[in-house]
Structure formats: structure tokens, C-alpha cells
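Me: I have a model open and would like to learn how to read its features. Can you walk me through it?

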Amino acid sequence: LKIQSIPFITLPNPVVPSPLSGQFAIVRKCRERKTGLEYAAKFIKKRRLSSSRRGVSREEIEREVDILRHIQHPNIITLHDVFENKTDVVLILEL
């Protein structure tokens, strides 16, 4: 995973007024600054301590990324890119 600034901006979603969220992740619509293409950005909260129950462990996040990178199927969402900051891993997915 690479740590760098995310070249995407989140957009308000007219269909779903609030972002879609689960226990450890939030999905928002975003647009790539350079191309203007729209994607879904899945913000996954990282677990800070291995003993903590909050957030997702690095191994689980890397497993999800690895699976999405290797599977090509019309019924499975395509992974476009991955970014990381101190608190989150952001998966950029097809909309």
C-alpha cells in the first residue's frame, strides 16, 4: 500500500444523501482531479493496536486488496487504486 495524498475529491451524492457506511468503513462517491472520472471511495478505518477491536487489521485490508486485484468478473467490483493515510486505507472502486 502506498502513502500519499489522494488525488480524488469526494462528491455529494444526490441519490443517497449520506455516505454508505458499515462498522469499519464508509463509501463515498468521488471524482479523480486529473480526469474528472467518478468512482466510489471506500474509507476503511485501520486498527491502531493489534489488541484493539476497533478498525480493521492490516492483514485483513491487504487480503481484500489482493482479492480485488486478482479477480476479474463482471459481477465483482473493479479496484482502481489504493491509498493510505494515518487512520484509513482508501480503496478507489468502480462506481
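Reply: We'll take strands, then cores, then the surface. Bear in mind that this is a predicted model, where local features need pLDDT of at least 70, side-chain atom pairs count only at pLDDT 80 or more, and totals for chains, interfaces and linings use all residues. Residues are numbered from 1 along each chain as its sequence is written, and side-chain values use heavy atoms, leaving out hydrogens and water.

Me: Which strand does β3 join, and in what sense?

Reply: Strands are DSSP E runs of at least two residues, numbered from the N terminus, and two of them pair if DSSP finds at least two bridges between them. Here β3 (residues 25–32) runs antiparallel to β4 (residues 38–45), with 7 bridges. Ile 26 has Phe 43 in β4 as its bridge partner. Their hairpin has 5 residues between the strands, and Gly 36 takes a positive phi near 80 degrees there.

Me: How many residues lie between β5 and β6?

Reply: That hairpin has 3. β5 (residues 79–84) and β6 (residues 88–93) are antiparallel over 5 bridges, and Asp 81 sits opposite Ile 92 in β6.

Me: How many residues are in the largest nonpolar core?

Reply: A core is a set of buried Ala, Val, Leu, Ile, Met, Phe, Trp, Tyr and Cys residues joined through side-chain atoms within 4.5 Å; buried means under 20% relative accessible area (1.4 Å probe, protein chains only). The largest has 12, including Ala 40, Val 65, Val 82 and Leu 91. β4, α1, β5 and β6 each supply at least two of its residues. Apart from it lies another core of 6 residues, among them Cys 30 and Phe 83.

Notes
Helices (H or I, at least four residues) and strands (E, at least two) are DSSP runs, numbered from the N terminus. Buried means under 20% relative accessible area, exposed over 50%, partly exposed in between (1.4 Å probe, protein chains only).
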